[in-house]
Amino acid sequence: MNDPETRRETRAAVPFRVSFVCTGNICRSPMAESVFRARVADAGLESRIEVSSAGTGGWHEGEGADPRTVSVLEAHGYDGDLTARQFTAADFDRLDLVVALDSGHRRALQRLAPGPADAAKVRLLRSYDPAAGNDDTGLDVPDPYYGGPDGFQECLDMVEAAVPGLLRAVRAALADKDAA
């Protein structure tokens, strides 16, 4: 049981877990979850990567995504059937990567993290989009909640631009995990 091949198979059996986090888990983070889940499926990595989303607050816990989020997702062929939940400190234990949708979420998650290793798991989604630059405020995905349909489309465009880079990073992490 202690041979290198058995250890490698055991590591490969443990999925890489990614969670997207926004404010209420009804607009941005479920959109990112749905898009990333679709790209993971397209890559044939469903057994290797688990995808979820949550909100920093629990105001909408148990509710479905905002109807405007669902509308934009479904118009582009993505799943819109998502249920809101609140992110907790205990979530860090099961996650490999926590993807914040804006710098306020990142700060809140890093404060919530039980320790430095958990805080280091938190990244901004748009940091995976090379066209987004590297200024923290330029890396925020704006909250479309108080606006019209164009804001939801803009949110989807930003998510779709960042997801390929995120998937590359997760594939690299899986390769490193497999090689260890």
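This is a predicted model: local features need pLDDT of at least 70, side-chain atom pairs count only at pLDDT 80 or more; totals for chains, interfaces and linings use all residues.
View A. Helix 2, spanning residues 28-42, packs on helix 7, spanning residues 149-179, at an angle of about 45°, and the two axes lie 9 Å apart. Because angles under 35 degrees count as roughly parallel and 65 to 115 as roughly perpendicular, helix 2 and helix 7 are oblique to each other. The crossing of these two helices is right-handed. On the helix 2 side the contact is made by R28, M31, A32, V35, F36, R39 and V40, while helix 7 contributes F152, C155, L156, V159, E160, V163, L166, L167 and V170. Divided by class, the residues of this contact are 13 nonpolar and 3 charged, with no polar residue.

**View B. Packing of helix 2 against helix 3.** Helix 3 covers residues 67-75, and helix 2 packs with helix 3 at an angle of about 20°, with the axes 10 Å apart. Since an angle under 35 degrees counts as roughly parallel, helix 2 and helix 3 are described as roughly parallel to each other. Helix 2 passes helix 3 in a right-handed crossing. The residues that meet here are P30, M31, S34 and V35 in helix 2 and T69, V72 and L73 in helix 3. This contact between helix 2 and helix 3 holds 5 nonpolar and 2 polar residues and no charged ones.

**View C. Packing of helix 3 against helix 7.** The axes of helix 3 and helix 7 are 10 Å apart, and the two helices pack at an angle of about 55°. That angle makes helix 3 oblique to helix 7. As for handedness, helix 3 and helix 7 form a right-handed crossing. From helix 3, the residues R68, T69, V72 and L73 meet F152, Q153 and L156 of helix 7. In this contact of helix 3 with helix 7, 4 residues are nonpolar, 2 are polar and 1 is charged.

**View D. The largest pocket and its lining.** The space in the largest pocket comes to about 150 Å³.

How values were computed. Residues are numbered from 1 along each chain as its sequence is written. Side-chain values use heavy atoms; hydrogens and water are left out. On a 1 Å grid over the protein atoms alone, a cavity is a set of points where a 1.4 Å probe fits but cannot get out, and a pocket is an open set with protein on both sides within 12 Å along at least five of seven lines; lining residues have an atom within 4 Å of a point. Grid points are joined across faces, edges and corners, and a volume is the space filled by probe spheres set on the points. Axes are lines fitted to C-alpha atoms, for helices over the stretch in contact, and angles run from 0 to 180 degrees between N-to-C directions. Helices (H or I, at least four residues) and strands (E, at least two) are DSSP runs, numbered from the N terminus. Angles under 35 degrees count as roughly parallel, over 145 as roughly antiparallel, 65 to 115 as roughly perpendicular and the rest as oblique. A crossing is left-handed if the near helix is turned anticlockwise from the far one by less than a right angle, and right-handed if clockwise. Contact means heavy atoms within 4.5 Å. Ala, Val, Leu, Ile, Met, Phe, Trp, Tyr, Cys and Pro count as nonpolar, Asp, Glu, Lys and Arg as charged, and the others, Gly among them, as polar.
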